[in-house]
Amino acid sequence: MLYSDIASVFDKTERTSSRLEMTAILSDLFRTLEPRTLRSVVYLSQGKLHPDFFPQKLGMSDKLVLKAISLTSGFSENEVEKLSIKEGDPGTAAELLIGGKKQTALFSEPLTVERVIKNLVLIEGSEGKDSQERKMKLLANMLHDSGPIEARYLCRIVTGRMRVGAGSMTILDALALSFAEKSDRPEIERAFNVTCDMGMVAETLASGGMDAIRNVRVKLGNPIKVMLAERLPSLSEIMERMEGTCAMEYKYDGIRVQAHISEEGVRLYSRRLEDMTNNFPDIASSLKNALKGKEAIVEGECVSVNAKDGRMLPFQEVTHRRRKHGMEDAVKDYPVKIFLFDILQTDGEDTTDLPYPERRDILSHAFNDSDNIVMSHMQTVNSAAEAETFFTKALSDGCEGIMAKSVAGASVYRAGNRGFLWIKYKKDYHSDMTDTFDLAVVGAFYGMGKRKGRYGALLMASYDREMQTYATICKLGTGFDDAFLDSMPDLLDKYKTAGKPENVDSKMIPDVWFDPSVILEVTAAELSLSPIHTAAAGVFKEDAGLALRFPRFTGKVRNDKAPEDSTSVAEVMEMYGMQKI
Ligand code: AMP
């Protein structure tokens with residue numbers, strides 16, 4: 001298959017903002033592909049060669065890419081660079097220059113998908129001496145046989161800028177449309193949620209149909225999308241929703257870790273599916289040593305503890321373990337414990353379909369005693385009064401609240417889902433605020449007065465899952481200390497964009513735009529209707545969206561959350577509803 005056929009589909013999906021249309025365009029392509037090619041094309045459509053959780057090593061520097069464009073197009077490196085800066089993206093520069101009149105394509109051979117993948121694999125694998133030159137030539141080799149659109153996407157893929165607008169949900173829609181019934185969509189999504197491998201799901205569906213999809217199970221080494229909790233405004237409502245009885249666990253304030261333990265070793269994944277094994281080498285080795293069986297996948301919260309008395313410390317402390325260097329010292333200086341709360345696989349058996357009490361029972365017998373591996377504190381609760389006592393105890397023991405967990409027969413582990421099988425309740429709910437919000441930074445305003453020469457305020461957005469856009473919800477200028485103000489350029493500037501990113505929905509125009517990437521935790525007095533912000537625009541009132549009143553940064557940069565994990569517009573709407581009760 002020619003790469004141009006795929007590039008033109010990427011182009012078409014980029015040009016439409018209608019999810020339905022995007023689905024139809026992708027599905028028309030998917031249907032025509034062999035299962036194996038389909039797998040690669042699905043990865044490529046997300047700018048990758050592998051599933052998300054693989055360390056992607058394609059990243060070529062802009063400079064190298066500009067060199068390849070210059071070599072292929074005949075324009076000088078200076079000319080190419082100027083155009084790239086003007087357009088804000090080497091991909092667009094390549095599109096405008098490749099296939100132009102200066103290019104001489106004497107010996108050209110067709111650019112097939114197979115050839116593109118082969119070259120990208122070689123680029124990825126280039127290491128050591130002369131590797132930069134080799135990468136540049138491999139790209140130039142493909143650009144030589146590219147038309148403008150193919151060139152645009154090649155350059156975007158190798159620089160990590162691939163965004164054709166089709167998110168995972170649209171790809172799942174397209175797969176269901178191509179190879180199954182609409183009603184099969186939830187099962188296809190389940191297969192994705194338990195493996196995080198869209199290419200594998202596509203290949204499995206195209207070759208084995210729905211029967212094969214139903215057989216997809218959790219797999220050691222493939223992170224599983226985490227199960228998430230709903231929230232309710234009071235403990236009595238939680239007990240009502242749980243029909244009078246549930247398990248309550250302490251809600252620890254640390255970093256969620258999913259541990260894949262096998263005889264070969266241990267891999268620890270964050271809730272964003274990043275490999276965090278190097279951040280918690282002590283936890284990884286304790287888990288391996290203490291596991292009674294051969295292999296398991298377990299989840300827990302890593303919390304910093306005081307070295308002397310073992311008391312839990314605030315969230316910020318554990319983030320010291322995110323450093324790149326000096327991990328040996330960090331392990332000594334910032335001891336952590338993991339509080340285990342779930343088990344998803346044990347000795348080859350997928351446990352996600354078992355009810356919570358059975359999983360908890362298996363988990364509680366899975367490990368030998370160990371200093372830094374602890375079971376999350378749990379108690380069966382049968383009344384609102386008991387719940388209140390448990391909650392008070394949780395706070396006095398240094399936790400941020402409780403997690404109520406259903407004990408019903410249907411209380412399975414629902415990967416990637418937020419539902420009422422788990423309900424969280426935090427101390428913030430006791431005050432005026434409904435909850436903290438994890439919001440994406442999409443813009444910045446230059447400061448004035450004392451903040452002159454720095455960013456003074458940020459434009460914050462919430463993720464709209466339906467529209468796959470980031471809708472603004474507040475301008476945030478409170479809660480920044482001097483250290484944070486100084487660190488902002490380092491934190492944000494790498495995500496600067498030339499104009500408003502396509503997936504941002506905003507009426508406000510900041511001085512600088514950012515790709516939604518950095519997540520900050522924000523509190524607020526309340527939610528109110530606002531003509532300026534676009535979150536839930538038109539839902540509660542025509543020409544108004546929802547906005548945070550008196551937003552304040554809590555000091556937490558949520559490195560552990562991906563932008564799509566920011567508090568969603570649906571959750572914000574729910575909180576607005578709760579506030580009005
Ligand atoms: P939130 O980030 O506020 O949506 O709360 C959900 C997070 O609480 C989970 O992703 C875990 O990181 C954390 N957590 C702490 N303790 C528990 C527990 N006992 N069970 C489940 N999640 C927990």
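Predicted model: local features only at pLDDT ≥ 70, side-chain atom pairs only at ≥ 80, totals over all residues.
User: At what angle do helix 1 and helix 9 pack?

Analyst: Axes are lines fitted to C-alpha atoms, for helices over the stretch in contact, and angles run from 0 to 180 degrees between N-to-C directions. Helices (H or I, at least four residues) and strands (E, at least two) are DSSP runs, numbered from the N terminus. Here helix 1 (residues 3–15) meets helix 9 (residues 148–158) at about 80 degrees, with axes 9 Å apart. Helix 1 and helix 9 are therefore roughly perpendicular to each other. Contact means heavy atoms within 4.5 Å; among the residues making this one are Tyr3, Phe10 and Arg15 of helix 1 and Ile149, Tyr153 and Ile157 of helix 9.

User: How many nonpolar, polar and charged residues has that contact of helix 1 with helix 9?

Analyst: Ala, Val, Leu, Ile, Met, Phe, Trp, Tyr, Cys and Pro count as nonpolar, Asp, Glu, Lys and Arg as charged, and the others, Gly among them, as polar. The contact of helix 1 with helix 9 has 7 nonpolar, 1 polar and 6 charged residues.

User: How far apart are the axes of helix 4 and helix 6?

Analyst: The axes of helix 4 (residues 62–73) and helix 6 (residues 90–97) lie 10 Å apart, at an angle of about 0 degrees. That is why helix 4 and helix 6 are roughly parallel to each other. Their contact includes Val65 and Ile69 of helix 4 and Ala94 of helix 6, and by class it has 6 nonpolar, 1 polar and 1 charged residues.

User: What is the strand order in the open sheet of 5 strands?

Analyst: Two strands pair if DSSP finds at least two bridges between them. The order in this open sheet is 1-11-10-2-9, with mixed pairing. At the edges are strand 1 (228–231) and strand 9 (378–381), each pairing on one side only. Strand 1 runs parallel to strand 11 (residues 418–426), joined by 4 bridges. Glu230 has Ile423 in strand 11 as its bridge partner. Helix 20 (residues 569–579) lies across strand 1 and strand 11, at about 25 degrees to strand 1.

User: Is Asp197 buried or exposed?

Analyst: Buried means under 20% relative accessible area, exposed over 50%, partly exposed in between (1.4 Å probe, protein chains only). Asp197 counts as buried because its relative accessibility is 6%. Asp197 sits in the loop between helix 11 (185–195) and helix 12 (198–214). Not counting residues up to four places away in sequence, Asp197 touches Arg39, Tyr43, Pro51, Phe53, Phe192 and Asn222.

Key
Residues numbered from 1 in each chain as written. Heavy atoms only, no water. Parallel < 35°, antiparallel > 145°, perpendicular 65-115°, else oblique.
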